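Work through the following exercises with the coordinates open beside you.

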Protein chains: 4
Amino acid sequence: MTATMRAATFRLPGTIRIESKPIPEIGPNDALVRVTTTTICGTDVHILKREYPVADGLTIGHELVGVIERLGSAVEGYEVGQRVIAGAITPSGQSNASLSGFASQCGCGARHGWKAMGGWRFGNTIDGTQADYVRVPDAAANLAVIPDGLTDEQVLMCPDIMSTGFSGAESGEVKIGDMVAVFAQGPIGLCATVGARLRGASKIIVVDGMPERLAMARRLGADETLDPASPSLIDDILALTDGRGVDVSIEALGTQATFEASLRVLRPGGTLSSLGVYSQDLKIPLDAFAAGLGDHTIRTTLCPGGKERMRRLMDVLAAGRADLRPLVTHRFKLDEIEAAYELFAARRDGVLKVAITP
Amino acid sequence: MTATMRAATFRLPGTIRIESKPIPEIGPNDALVRVTTTTICGTDVHILKREYPVADGLTIGHELVGVIERLGSAVEGYEVGQRVIAGAITPSGQSNASLSGFASQCGCGARHGWKAMGGWRFGNTIDGTQADYVRVPDAAANLAVIPDGLTDEQVLMCPDIMSTGFSGAESGEVKIGDMVAVFAQGPIGLCATVGARLRGASKIIVVDGMPERLAMARRLGADETLDPASPSLIDDILALTDGRGVDVSIEALGTQATFEASLRVLRPGGTLSSLGVYSQDLKIPLDAFAAGLGDHTIRTTLCPGGKERMRRLMDVLAAGRADLRPLVTHRFKLDEIEAAYELFAARRDGVLKVAITP
Amino acid sequence: MTATMRAATFRLPGTIRIESKPIPEIGPNDALVRVTTTTICGTDVHILKREYPVADGLTIGHELVGVIERLGSAVEGYEVGQRVIAGAITPSGQSNASLSGFASQCGCGARHGWKAMGGWRFGNTIDGTQADYVRVPDAAANLAVIPDGLTDEQVLMCPDIMSTGFSGAESGEVKIGDMVAVFAQGPIGLCATVGARLRGASKIIVVDGMPERLAMARRLGADETLDPASPSLIDDILALTDGRGVDVSIEALGTQATFEASLRVLRPGGTLSSLGVYSQDLKIPLDAFAAGLGDHTIRTTLCPGGKERMRRLMDVLAAGRADLRPLVTHRFKLDEIEAAYELFAARRDGVLKVAITP
Amino acid sequence: MTATMRAATFRLPGTIRIESKPIPEIGPNDALVRVTTTTICGTDVHILKREYPVADGLTIGHELVGVIERLGSAVEGYEVGQRVIAGAITPSGQSNASLSGFASQCGCGARHGWKAMGGWRFGNTIDGTQADYVRVPDAAANLAVIPDGLTDEQVLMCPDIMSTGFSGAESGEVKIGDMVAVFAQGPIGLCATVGARLRGASKIIVVDGMPERLAMARRLGADETLDPASPSLIDDILALTDGRGVDVSIEALGTQATFEASLRVLRPGGTLSSLGVYSQDLKIPLDAFAAGLGDHTIRTTLCPGGKERMRRLMDVLAAGRADLRPLVTHRFKLDEIEAAYELFAARRDGVLKVAITP
């Protein structure tokens, strides 16, 4: 093991570049993991553009596939050399929020209380995964061993995209026979489509402006595909539900237009499950909200993390219930990460997700 | 039985006045009920002011305490002369919405499908209760016999105010030990306070601008009372929760200010339970919404109806778990209803609810 | 329309035979449906064997596919000639039980209160469906129009087998990534397997002694098949879950052996979802129950009925999410029903379900 | 701090006596707490009688009120000298079970997987609280600071009796207006009564053979009290519910008689919430179980632990919503604990709970 490593580092006023840093020290509850594959998330692009603030000098990245290099003195039940993943959200499991079932809102630093988004630590409040090595805090709660037979690329979506996307269907409580609309079919929206299908939706209507994303949506389980630019979008969706509205709509982009459309196509008593990261105040139109009398539910969900979540998602993949490999459209070496950011941010060349290998 | 009766009737361009009308005919599934006590709701004032549209000539009112006068040929299990109530919402129980557990959104007319607010018929789509007699549709699903020993005024809040107010706590899923904030302490807000208390909230913080309403709130179970005009309102509520935010906030007015405050005081993972009838588009501030990443739930609820709901609410009263008689602050004869509307609309003289007796 | 019809009639001391009866009269809320296809259920065999008591002279059968022949005067929203189904359970929608969400336990006769199994009327408390015509009570709550393109045999499982089987997975609250064991793979157990698959289970382990049923189970979505006679059955199932136990076990036979095995393979905190009709007291072994400290849930479910349930199930079929036609292994005319009973009761010739066409 | 301490120690073949032991060492995630008050539980008596096996030499006791004496190197957010409690169940928060919301079934030792009752460590798998000092594992997940103004005796019921008793009402999902029966009114049954009251039950029927316990039950919120020896017990309870049965029944003793009665008084669709520790196989009578067709739920719950649970329970007490001090009927010094066991085991002198102060 060398004393230094490469790390994709955020630098003011606004770049992410490879720097050399010391390999992290670990405490008694930590693990040091050698990264074998990671990826770039839309959130990382927000960081690059300074739309989401992080500290100067932070290593970016929150999606980890790797190998255990070293274990803290108090970490039991793992062995050096095991292939593992960890969620984008790394709860302590010991905060009041975690113990209440809201691990993503964990006041993790001090293991106390509640903090909005507090469970998101990698590449946000501590150094992240776009590096040769990463320190995993609260390793016992977060390291999930990869089942034999699954490749890095097969599990690369588990830490964030698959966990978040599936949660759109889960928080919407999609039931067997539900009709579901999913707005936007980027990587998270596509995983929401897969999740809705896995929970037994009988009709999945998806909306996206990029034909190749709609094609991928059909491949992954969508029944109907629509263009958001269509002036009859709302009416078309309502017609597909015999005028009633969908039981669950999933917002997967983070804009006023998709949020509003999600509400307009919802039946009375339906649930709008919101996954997008918004960047401005939202408007709830009075009519779409039935003046507050429609028994509607609007629910937001931050990516569920922790090792049990990761275990379940990998079980789904190992059983062949879902195959998310088609989402990995491009591959880069860690040294090439600046080019990867450029491609991913520009949505060029049909990119969905990139695999980064140190 | 005379052939005509008195009825508070909406007339364009905007009055509600007593008129003489034929006593209603009934069909096989209906009941004719002689009204012994009814009341005026804020919604009725909206109708009067033409802020909510109903047909010219409609009898107003949706809160019924009375005596069965006649039963349709297909209605079993009741007897003429029984004292009964019916909910403001009178579901058929047979629509797709009802059978899915959303009886308030019942496509009741044709007993099919879903319709936002479709379960609200009295004083909205059919003649209402501010009259000598009223036809109760789907009587078997809606008539609840009053237990011996409960007076008209004791059960007068069941059809709407108590059912709606309690649903604020129920839809918010208030748990033992929760901290709850209730915004506005009119009749519905006060019942939300009672409901939160009944479900085991350990701290109930209420907000209203009228000191007598805050005093009533304390009498009915509130722990902390605050003035909405205070510039430190949000901070004060957060401080009362040790900075964490309330587990559940209940909106009981229907304005941007109360909706927004309800969101701002909510902890990550908390639920905003909305009861108000809004009259304009709502804004969700980005920061209060944690950019969509706070695991928040926003849920609206329309007054639950049906005879089982009414039975339960009357059981709560009969057991002495709640006493809502203090909400009835004024009493009028049916012939005096125009004066009652005037007082109630103006919120004069400390009025909370009026009892109207034909 | 002739004045008489044929009907499979239970006669003491214990036969079911075709008799001639008057075509039923209907009341204002009823419909008369001409039966085009029905089937025989295990419960009917219990009736035949006098293991479940019904009145002498009752028409048997509770699974209806047919055409509306006549509508009661108060029934709106349907037309004579429409192809319809109705659930085995025909709730009024108007009893206290129905309005509480327990429509199967509906005190339907008088539309009041609660009655265990009260929602099961066809072939139990009123004349059933193994006849040329059947009276459907509370037609507005129970008739579901068959979507174009679905044949009688495609929807024949909806009224009971599919609704019951799916409810095994629904009441067990199977989640994406759950491991599920299903005990017995008769028609209901097979549908439970399909339901578990539709809700996203990642591993479905089924147990049955008949190889052809295990083969059908694999075809419909099971991952692992086991023989109940194996002395290592429990250990084998635990091994398939890495020693933890299944998240949900579904009992689909109604015996001590299957109930007990369902409990023994359950992880702490898991749910035993019981569908079987038991015929003797059950024993809960102390060790399998963790002395009452295992956070276990045992839940029984009676076939959910009502038109909305039927609509959803037919949507699932129309969308191609499930295809239950392979369950129909034999076909008989109504006149041949005695032979059909004989075959079905004996489980001869690989029979799963029979289609009976008047 | 001295090097040795006193500890109530289990010794084969079957005694619990005070011995001198070294004060525990602590690891990085532990805390050492000086015990200021503890109590004896019925489970401890089972241990004494060798009905529940623990290791020779183990310190008994799982209810802790004390003062932080020392903190492990990795434990943040606490200070030496703080008054704290910890639950009888001390989850790691980091096992798969904990991360799934079943912290009581935590595979805590290795922080992995699931283990029935695995979260119960004090006085079971590690040294307990009937001593001068106790080592608290996973301190960050388990230590809850006592709010100012609450005495040791006020919070003494939180770690087990109050948490378990309340969970009876919580797992039963008692709703506003429910009718509830509680079988046995020992300390846990009494807390179940308080819990049912706090969740809004409109009628609470309790059953116990000791008149002083029934009197205490009335004081704490019961509406009706019955003698289990009455031959008309079941009929009397059904009559109190107008023949329907209770919505929720809570078993709080652990015998066939109370389990069976809990099921017999349950309405269709109702929930039997079981708290008792059983010592023999249970029988489910066929008729009481509606042959498996009554939509019944049977759910067992092990005492919920962790610091967030403790915080909530103490908030309930601090707010005056419940006062459990009357349950502490006798007080002993640690040196007198053998006499305390004798009194408690014999249920002499109206004992409910004893306070033990080192």
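**Exercise 1: a parallel pair and the sheet around it**

A:Val182 has A:Ile250 as its bridge partner in E11(A). The model is predicted, with local features requiring pLDDT of at least 70 and side-chain atom pairs counting only at pLDDT 80 or more, whereas totals for chains, interfaces and linings use all residues. Residues are numbered from 1 along each chain as its sequence is written, and chains are lettered from A and ligands numbered from 1 in the order in which they are written.

Step 1. Strand E8 (residues 179-183) and strand E11 (residues 246-251), both of chain A, pair in the parallel sense over four bridges; strands are DSSP runs of E of at least two residues, helices runs of H or I of at least four, both numbered from the N terminus, and pairing requires at least two DSSP bridges.

Step 2. The open sheet has 12 strands with mixed pairing, in the order E10(A)-E9(A)-E8(A)-E11(A)-E12(A)-E14(A)-E14(B)-E12(B)-E11(B)-E8(B)-E9(B)-E10(B). Strand E10 (224-226) of chain A and strand E10 (224-226) of chain B stand at the edges, each with a single partner strand, so one side of each has no neighbour in the sheet. From one strand to the next the twist averages 15 degrees.

Step 3. Helix H6 (residues 187-198) of chain A lies across E8, strand E9 (203-207) and E11 of chain A, running at about 170 degrees to E8(A), where axes are lines fitted to C-alpha atoms, for helices over the stretch in contact, and angles run from 0 to 180 degrees between N-to-C directions.

**Exercise 2: chains D and C**

Task: describe the side of chain D that touches chain C, and the strands that join there.

Step 1. The contact brings 38 residues of chain D against 39 residues of chain C, a contact being C-beta atoms, placed from the backbone, within 7 Å.

Step 2. On the side of chain D, the elements giving two or more residues are strand E12 (266-274), strand E13 (282-284) and strand E14 (297-300).

Step 3. Strand E14 (residues 297-300) of chain C runs antiparallel to E14(D), joined by three bridges, and C:Thr297 stands opposite D:Arg299.

**Exercise 3: chains B and C**

Step 1. A turn of 180 degrees with a shift of 0.0 Å along the axis gives an RMSD of 0.0 Å, the least-squares superposition using C-alpha atoms of residues with pLDDT of at least 70 in both copies.

Step 2. The two copies are therefore related as by a two-fold rotation axis. In chain B, the C-alpha nearest the axis belongs to B:Gly93, 2.3 Å from it.

Definitions and conventions: Contact = placed C-beta atoms within 7 Å.
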